[in-house]
Amino acid sequence: MEESLDVLVFGSAIIDFMCYAPRLPNPGETLHGTKFQTGFGGKGANQCVAATRLGSKTALIAKLGCDSFGNNYICHLQAEKINVKHVQLLPDYTTGVAQIAVAHSGENNIIIVVGANKMLGPKDVENASYLFDKAKVLVCQLETPINGTLEALRRFKGISILNAAPAIANAPLELIQLCTILCVNETEAGILVGRHISSINDAFNALAQLIHMGANIVIITLGKIGAVCSSRATVYNCQLVSAPVVPPELTKDTTGAGDAFIGALAHSYAHFPEKDLADHIAYANSVASQSVQRLGTQSSFPYA
C-alpha cells in the first residue's frame, strides 16, 4: 500500500540565478553586484519544498528540460524526499530559469523564462489521477499553462489552494471559483480586480470584490504587515492577521517569502483542518517571516 499524501503540487520548477546588489538598478543602469548564486526555484517546486520541510508528505507534478539543470533538479527534489514520479524531463525543451536581482533591503525583481514548464497540461492531471484521489491538499499557481491548472482544480475534490501568481488580467472566473482558497499578494489582487491596492482598506475592498466574483475563501498577503482574509460565508467580515515583526537589519531576502507562506498554509490545512482560517494564516505568516531572514529561495525555507 502506498503512503498517504498530504500535499500535492501541480506547477512550475525553475532554476534561479540570483544577483545581490546594494539596490535595484534603474532602467538602463548597470550596477556592480556583491554576490551571485544559483538555486532551485519555481513557485510550484518552492511551495512543495516548503511544505515538505515542515513535515508534510508531498508529491510534485512538473516538467523540466532534459539538461544538466533538469537532472540536478530531480536529484535535489529526491533529496528533499518529494515524490517525483510525475516530474518529467523533456528532451526538446530547456529547464525554466529565473533571473533575480536582490537589493540589500531584501526587495527584488524577477524575470522568468519558463522553458519546459509551458508543456504542463491536462494530460498530466489524467496521468497522475491517483495522486489527486489520495492527497489532502492541492496547490496550484499560474507559472504553467492555465488549461492544465483548470483541469487540476476541476479534478481535485479536497482543499485546493490557488496562488494566482503571476496574476492574469481578465482571468477566467472559473479559475478563482474552482479553488477552495485563492491566495495572492496585493499587486496580484490589484490585477485581478482591475485597480491599484495601496492600503489595508483597499485590500478589504478587493477581498469583497473577489468573493462577489465567485471566490470561496480569499487571502491577500501584504508583506511585512501580514495578510487579510475573508470568505463567502463572511463576505463583510474582513480580517487582518498580522505578521511577526522582523527588524530591518535581519531582513536579508524576501524572494521566497510568498512561497514559504503558501507551503506553510498547505501544510497547516493538511495536518490541522479543524483550525480557523486566521490560525492557518498566522502559522503561514510565522514561516514566511523566518524565510526573509535567510538568503535565497528554497535555501531560506525553515524545517519543522
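# A Guided Reading of a Predicted Structure

The buried residues of helix H1 are Gly-44, Ala-45, Asn-46, Gln-47, Cys-48, Val-49, Ala-50, Ala-51, Thr-52 and Arg-53. The model in which they are found is a predicted one. Helix H1 spans residues 43-53, and because 10 of its 11 residues are buried, the helix is largely enclosed by the rest of the structure. Here a residue counts as buried when its relative accessible area is under 20%. As a general point, an α-helix has 3.6 residues a turn, so residues three or four places apart point the same way. Just after H1, the chain reaches Gly-55, which takes a positive phi of about 115°.

From this helix the reader may turn to the strands. Strands of a sheet pair through backbone hydrogen bonds, in either the parallel or the antiparallel sense. In the present model, four strands form an open sheet in the order E3-E2-E6-E7, and their pairing is mixed. Which strands stand at the edges of this sheet? They are E3 (35-41) and E7; each has a single partner strand, so one side of each is left without a neighbour in the sheet. On average, neighbouring strands of this sheet are turned by 20° against each other when direction is ignored.

Two of the pairings in this sheet can be followed in detail. E2 and E3 run antiparallel and are joined by seven bridges. Within this pair, Asp-16 stands opposite Gly-39 in E3. E6 and E7 also pair, in the antiparallel sense, over six bridges. Here Val-102 has Asn-108 in E7 as its bridge partner. E6 and E7 form a hairpin with four residues between them, and Gly-106 in the turn has a positive phi of about 100°.

E6 gives the most, with five residues. What classes of residue make up the lining of the second largest pocket? It has 12 nonpolar, four polar and two charged residues.

The structure holds zero disulfides. Cys-238, for example, is in no disulfide, and the nearest cysteine sulfur, that of Cys-229, is 8.2 Å away. A disulfide would require the two sulfur atoms to be within 2.5 Å. Cys-238 is likewise partly exposed, with a relative accessible area of 22%.

Strand E1 (residues 5-10) pairs with E8 in the parallel sense over five bridges, and Leu-8 stands opposite Leu-138 in E8. E8 is also joined by five bridges to strand E9 (residues 159-163), and these two strands run parallel. In this second pair, the bridge partner of Val-139 is Ile-161 in E9.

Most residues other than glycine have a negative phi, and most peptide bonds are trans. Against this background, the loop between E9 and helix H6 (173-178) deserves attention, as the place of Pro-166. A cis peptide bond joins Ala-165 and Pro-166, with omega of about -5°. Asn-170 also lies in the loop between E9 and H6. The phi of Asn-170 is near 55°, a positive value in a residue other than glycine, and Asn-170 counts as exposed at 78% relative accessibility.

Lys-81 lies in the loop between helix H2 (68-79) and strand E5 (83-90). The phi of Lys-81 is near 70°, again a positive value in a residue other than glycine. Lys-81 is exposed, because its relative accessible area is 70%, whereas the limit for exposure is over 50%.

How values were computed. Residues numbered from 1 in each chain as written. Predicted model: local features only at pLDDT ≥ 70, side-chain atom pairs only at ≥ 80, totals over all residues. Heavy atoms only, no water. Nonpolar A, V, L, I, M, F, W, Y, C, P; charged D, E, K, R; others polar. Buried < 20%, exposed > 50% of the residue type's maximum accessible area, 1.4 Å probe, protein only. Pairing = 2+ DSSP bridges. Axes fitted to C-alpha atoms, helices over the stretch in contact; angles between N-to-C directions.
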